[in-house]
Amino acid sequence: PASVSAAVDRKCIEEDEPCPICYEDLNGCPPSKLVWCRTGCGRNVHGKCISIWAEHQAKAARARQALDGPYSSSASSHSSLIDQTLTCPLCRAGWGPFKWPPL
């Protein structure tokens with residue numbers, strides 16, 4: 001996966017800008033329901049959508065591990081798989097630790 005680097009500022013939401021996952025409008029969405037790519041592009045995404053994206057990426061990582069066999073040195077817990085595999089759906093930069101909903 002892509003490495004996680006320095007923080008990137010959140011970009012402003014453009015008029016009629018859709019979520020890159022569900023394609024619903026981001027305008028009018030409360031900031032508490034949005035997250036952004038802090039390591040690459042700075043673009044906004046619905047928190048719920050990136051949570052689904054994270055699950056998809058973790059499932060793909062588990063499938064790759066299953067193909068490697070039970071003695072693979074890359075075996076990890078579910079939550080660490082999400083942190084290791086989650087990338088921005090737009091720029092593919094490593095997302096870093098993620099938990100939704102936020103505390």
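Trainee: Where is Glu15 found?
Mentor: Glu15 is in the segment before strand E1 (34–36). Strands here are DSSP runs of E with at least two residues, helices are runs of H or I with at least four, and both are numbered from the N terminus. Before we go on: this is a predicted model, where local features need pLDDT of at least 70, side-chain atom pairs count only at pLDDT 80 or more, and totals for chains, interfaces and linings use all residues. Residues are numbered from 1 along each chain as its sequence is written, and side-chain values use heavy atoms, with hydrogens and water left out.

Trainee: Is Glu15 buried or exposed?
Mentor: Glu15 counts as exposed because its relative accessibility is 72%. The cut-offs are under 20% relative accessible area for buried and over 50% for exposed, with partly exposed in between (1.4 Å probe, protein chains only).

Trainee: And what about Asp16?
Mentor: Asp16 is exposed as well, with a relative accessible area of 54%. Its phi is near 60°, a positive value in a residue other than glycine.

Trainee: Which other residue has a positive phi like that?
Mentor: Arg92 has one, with phi near 70°. Arg92 lies in the segment after H2 and counts as partly exposed at 45% relative accessibility. Most residues other than glycine have a negative phi, and most peptide bonds are trans.

Trainee: Which peptide bond is cis, then?
Mentor: The one from Trp100 to Pro101, with omega near -5°. Pro101 is in the segment after H2.

Trainee: Changing topic: what's the overall layout?
Mentor: From the N terminus on, the elements run β-β-α-α, so there are two strands and two helices. Of the 103 residues, 35% count as buried. Taking contacts between residues at least 6 apart in sequence, 58% join residues at least 24 apart, where contact means heavy atoms within 4.5 Å.

Trainee: How many salt bridges does a search of the whole structure find?
Mentor: One. The side chains of Arg43 and Glu17 meet at 3.3 Å, N to O; the definition asks for a side-chain nitrogen of Lys or Arg within 4 Å of a carboxyl oxygen of Asp or Glu.

Trainee: Which parts does that pair tie together?
Mentor: Arg43 lies in the loop between E1 and strand E2 (44–46) and Glu17 in the segment before E1, so the bridge ties together parts that are 26 residues apart in sequence. Arg43 is partly exposed, with a relative accessible area of 30%, whereas Glu17 counts as buried at 6%.

Trainee: Where does His46 lie, and what does it touch?
Mentor: His46 lies in strand E2 and is buried, with a relative accessible area of 11%. Leaving out residues up to four places away in sequence, His46 touches Cys19, Cys22, Glu24, Asp25, Leu26, Cys29, Lys33, Leu34 and Val35.

Trainee: Last one: why does Cys88 count as buried?
Mentor: Because its relative accessibility is 1%. Cys88 lies in the segment after helix H2 (78–85), and its contacts, not counting residues up to four places away in sequence, are Cys37, Cys41, Trp53, Ala93 and Trp95. Cys88 and Cys41 are 47 residues apart in sequence and 8.3 Å apart in space, C-alpha to C-alpha.

Trainee: And Thr87, buried or exposed?
Mentor: Thr87 counts as buried, at 9% relative accessibility. Among the residues that Thr87 touches, not counting those up to four places away in sequence, are Trp53, Ala93 and Trp95.
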